[in-house]
Amino acid sequence: SAYFLNKLNPKVVPIQIQLHGDIANPAWKKISLQNRIRFNLAKFSMSKANGIRAVSNSQALKVARIFKIKKAKISVIPVPINNLRLTADISSKRPKTLGLIVRIHNDRGIYNFIKLVKSLTVVRDDFTVVIAGDGPDESRFLKEIKELLPKSKIRFLGHLSEKELKKVWRKVGVLVSNAPAESYGRVMREALVAGVPVWATKSSGVEDLISKTGKDSVRIL
């Protein structure tokens, strides 16, 4: 829209694009038809931009390679988090609880979480799950998780405010992030600030986080 408005404007206004999605990750494009359309539109729009903002170095490098954008055109500016200090020492004495804090939607990899729980139940039954969030797939997702685990091992909290979430971290043994494409991963970083280790699907955001914290705190599933 900005590009076409500039065509009508006697004074050309610089255009900056801010990227949130992990659009250069092949997994992101495969999530939906809508994402494939967005990917193709991005080829055009980014070539017309004067500047591009990425939220991680890994995301910036992939965007430069996949979309053939000059690296000098891309600025890496992470999403600010209050009191961000990633905890170097993650205690191994944690509750046997899988935490899922997510928008409950198919594109966040929630059904891969179901597969993970199903695989774990084959080898052990001494863990519980804590789920926080809401979304369009909430009913189906909860139905499937209840078919795998007894009600006593499932704690569903719904949508939480930032203040409420802070009280939940001490009850989470490990945060699980199954999003197939993640450009930054704010919740993963908040988990580490709270001293909670992370299991995650490989993505730009996860790679960037591992580069800062090491593989002891964040493990790729």
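**View 1. Contact between helices α5 and α6 in a predicted model.** In this predicted model, Ile110, Tyr111, Phe113, Ile114, Val117, Lys118 and Thr121 of helix α5 meet Arg140, Phe141, Glu144, Ile145 and Leu148 of helix α6, where contact means heavy atoms within 4.5 Å. The residues of this contact divide into eight nonpolar, one polar and three charged; Ala, Val, Leu, Ile, Met, Phe, Trp, Tyr, Cys and Pro count as nonpolar, Asp, Glu, Lys and Arg as charged, and the others, Gly among them, as polar. The axes of α5 (residues 110-123) and α6 (residues 138-148) come within 10 Å and cross at roughly 5 degrees, and the two helices are therefore roughly parallel to each other. Axes are lines fitted to C-alpha atoms, for helices over the stretch in contact, and angles run from 0 to 180 degrees between N-to-C directions; angles under 35 degrees count as roughly parallel, over 145 as roughly antiparallel, 65 to 115 as roughly perpendicular and the rest as oblique. Helices (H or I, at least four residues) and strands (E, at least two) are DSSP runs, numbered from the N terminus. Residues are numbered from 1 along each chain as its sequence is written. Because this is a predicted model, local features need pLDDT of at least 70 and side-chain atom pairs count only at pLDDT 80 or more, while totals for chains, interfaces and linings use all residues; side-chain values use heavy atoms, with hydrogens and water left out.

View 2. Strand β4 runs parallel to strand β5 (residues 128-132), to which five bridges join β4, and glycine 99 has valine 130 as its bridge partner in β5.

View 3. Three strands form an open sheet in the order β1-β2-β3, and the pairing is parallel. Both β1 (16-18) and β3 (74-76) stand at the edges with a single partner strand each, so one side of each is left without a neighbour in the sheet. The twist averages 25 degrees from one strand to the next. Strand β1 pairs with strand β2 (residues 51-54) over three bridges in the parallel sense, and isoleucine 17 has isoleucine 52 as its bridge partner in β2. Helix α4 packs on the sheet, where it touches β2 and β3, and its direction makes about 165 degrees with that of β3.

**View 4. Contact between helices α4 and α9.** The axes of helix α4 (residues 57-66) and helix α9 (residues 204-213) come within 7 Å and cross at roughly 130 degrees, and α4 and α9 are therefore oblique to each other. Asn57, Ser58, Gln59 and Lys62 of α4 make the contact with Ser204, Glu207 and Asp208 of α9. By class, the residues of this contact divide into no nonpolar, four polar and three charged.

**View 5. The largest pocket.** The largest pocket has a volume of about 410 Å³. On a 1 Å grid over the protein atoms alone, a pocket is an open set of points where a 1.4 Å probe fits, with protein on both sides within 12 Å along at least five of seven lines, and lining residues have an atom within 4 Å of a point. Grid points are joined across faces, edges and corners, and a volume is the space filled by probe spheres set on the points. The lining comprises 21 residues, of which His20, Gly21, Arg108, Ala181 and Glu182 lie nearest the centre of the pocket.

Note on methods. Pairing = 2+ DSSP bridges.
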